[in-house]
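Keep the structure open while reading.

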Amino acid sequence: MTQDHTSPSSGLHARRAAVQLLRGVLEEKEQLSVLLGSGVLDRLEPADRARAQRLATTTLRELGRADVVISQFVEKMPPEVALNILRLAVVELCVEGEAPHGVVDSAVNLMKRSGRSPRMAGLANAVLRKVATEGPQMWADIPASPMPKWLRPRVVHLFDEATVQAIEAAHLAGAPLDITLRDEEKAEHWAEQLGAELLPTGSLRIDRSVQVTELPGFAEGAWWIQDAAAAIAARMLNAQKGEAVLDMCAAPGGKTMQLAATGADVTALDISADRMAWVEENLQRTGLTAKLMIEDALNAPDDVLYDAILLDAPCSATGTIRRHPDLPYAKDGTQLNELFALQADMIDTAVSLLKPGGRLVFCTCSLLFDEGERQAKTAMARHGLTEIEPDLKGIEPEWGSRVGGLRLSPSYWADRGGMDGFFMIALRKPE
């Protein structure tokens with residue numbers, strides 16, 4: 001733990017902004033990426049901006065544990081605005097190891113500035129002084145924050161209670177930095193250059209804080225950031241030099257670059273012009289080429305048929321909570337049925353764009369059966385698709401799905417830092 005040696009007032013702007021972010025996620029149900037993109041932190045100095053984002057992210061990751069601590073020192077939980085201030089302060093005391101005086105003083109000031117009654121400022125002072133004394137000792141014994149009620153039963157249905165608890169522990173631990181290489185034959189060289197671990201599947205992993213753009217190989221485009229689990233999907237497609245390949249929901253471009261690196265003739269399609277700009281930028285940096293198409297995948301031109309298609313379909317993204325702890329609070333499950341229908345429509349479109357005998361990899365970064373195994377099973381029945389058994393390195397036997405393909409859990413590789421949750425399967429269209 002590190003101590004904050006700055007004055008209490010010097011951190012107030014960052015703390016107030018962090019509380020704003022918490023309110024945006026927890027009350028207004030906006031994702032952090034949307035809030036940050038709206039410029040909510042733009043008036044802050046760079047150091048305060050980074051601190052506010054870190055405090056909000058850590059508080060969301062630790063929300064359940066913070067509430068347990070607060071509940072020990074209040075008769076009933078305070079209103080949401082006051083509760084968010086307390087949550088932030090508890091995390092600073094119990095996780096960040098900040099100096100109690102600065103944390104308590106800032107929380108009291110935030111209560112006053114929020115328009116809460118003087119009683120709430122007094123409550124913050126009394127509660128946080130007790131937390132400063134007793135909270136850090138309690139913290140280690142409190143389980144990881146559980147997934148919210150709209151999500152947890154669905155994940156238990158797919159896995160089991162023990163695995164779900166392990167997934168929640170993975171969410172709490174967060175995610176290291178994973179890298180995909182343009183030339184995987186140079187993996188050992190770049191592992192040494194970057195001080196990275198070479199993972200069994202071929203990705204590299206950096207488990208320390210780094211400035212990405214300053215790392216060796218970034219400027220020359222030797223690699224890009226991509227979760228190790230996500231990288232497996234493109235390898236599963238087994239694109240070959242000269243093949244016509246479609247990356248159907250391409251942004252931000254990690255899989256597009258993997259496919260382009262094989263020498264395939266790649267078309268990258270995405271509905272978002274802004275997100276496709278990331279793909280173009282990444283292709284330029286890495287020196288790889290692909291045809292870019294900004295279009296709704298359901299309206300993709302059918303005048304060209306493809307040898308292989310990668311469909312990383314829009315989904316609940318519940319497999320990425322270790323990277324995005326705001327996600328389970330910003331969403332409530334009400335849009336799931338729309339996503340299920342969209343995924344099925346996208347699979348149908350993808351199949352129609354394949355040549356006879358062509359290959360389709362369908363994947364979702366989801367922990368839900370309905371967005372993975374069920375979609376694959378029903379699509380196989382609708383279109384007569386058959387599973388292709390891919391030859392992939394580093395795959396553990398337990399990763400196999402009950403209907404075929406892979407069911408990846410954030411709890412896998414726990415000793416290495418986990419992975420994003422995914423379902424993926426390789427399918428062949430009838431001749």
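Two strands count as paired if DSSP finds at least two bridges between them. With that in hand, Leu-177 stands opposite Ile-206 in strand 3. The model is predicted.

- Strand 1 (residues 177-181) pairs with strand 3 (residues 204-206) over three bridges, in the antiparallel sense.
- The open sheet has four strands in the order 2-3-1-4, with antiparallel pairing.
- Its edges are strand 2 (197-198) and strand 4 (223-225), each of which pairs on one side only.
- Helix 10 (residues 187-194) packs on this sheet and touches strand 1, strand 2, strand 3 and strand 4. The direction of helix 10 makes about 5 degrees with that of strand 3.
- In general, the strands of a sheet pair through backbone hydrogen bonds, either parallel or antiparallel.

**Helix 1 with helix 3**
- Helix 1 (residues 12-26) packs against helix 3 (residues 46-61) at about 45 degrees, and their axes are 8 Å apart.
- That angle makes helix 1 oblique to helix 3.
- The crossing of helix 1 past helix 3 is right-handed.
- From helix 1, the contact uses His-13, Ala-14, Arg-15, Ala-17, Ala-18, Leu-21, Leu-22, Val-25 and Leu-26. Helix 3 supplies Asp-48, Arg-51, Ala-52, Gln-53, Leu-55, Ala-56, Thr-59 and Leu-60.
- By class, the contact of helix 1 with helix 3 holds 11 nonpolar, three polar and three charged residues.

**Helix 3 with helix 5**
- Helix 3 also packs with helix 5 (residues 80-96), at an angle of about 90 degrees and with axes 9 Å apart.
- Helix 3 is therefore roughly perpendicular to helix 5.
- Helix 3 contributes Arg-51, Arg-54, Leu-55, Thr-58 and Thr-59 to this contact. The helix 5 side is Arg-87, Leu-88, Val-91, Glu-92, Val-95 and Glu-96.
- The class count for helix 3 with helix 5 is four nonpolar, two polar and five charged residues.

**Helix 15 with helix 16**
- Helix 15 (residues 336-352) and helix 16 (residues 373-383) meet at about 40 degrees, with their axes 11 Å apart.
- Helix 15 passes helix 16 in a right-handed crossing.
- Helix 15 makes the contact through Phe-340, Gln-343, Ala-344, Ile-347, Asp-348 and Val-351.
- Sorted by class, the contact of helix 15 with helix 16 has five nonpolar, three polar and two charged residues.

**Backbone details**
- Most residues other than glycine have a negative phi, and most peptide bonds are trans.
- Lys-29, a residue other than glycine, has a positive phi near 60 degrees. Lys-29 lies in the loop between helix 1 and helix 2 (32-37).
- The peptide bond from Ala-251 to Pro-252 is cis, and its omega is near 5 degrees. Pro-252 sits in the loop between strand 5 (244-247) and helix 12 (254-261).

**Annotated domain**
- In an unreviewed entry, UniProt places the feature "domain: SAM-dependent MTase RsmB/NOP-type" at residues 139-430.
- Over residues 139-430 the chain is 32% helix and 20% strand. The end C-alpha atoms of that stretch are 56 Å apart.

Notes
Residues numbered from 1 in each chain as written. Predicted model: local features only at pLDDT ≥ 70, side-chain atom pairs only at ≥ 80, totals over all residues. Heavy atoms only, no water. Axes fitted to C-alpha atoms, helices over the stretch in contact; angles between N-to-C directions. Helix = DSSP H or I, 4+ residues; strand = E, 2+ residues; numbered from the N terminus. Left-handed = near helix turned anticlockwise from the far one by under 90°. Contact = heavy atoms within 4.5 Å. Nonpolar A, V, L, I, M, F, W, Y, C, P; charged D, E, K, R; others polar. UniProt positions renumbered as here; feature names shortened; annotations may be inferred. Parallel < 35°, antiparallel > 145°, perpendicular 65-115°, else oblique.
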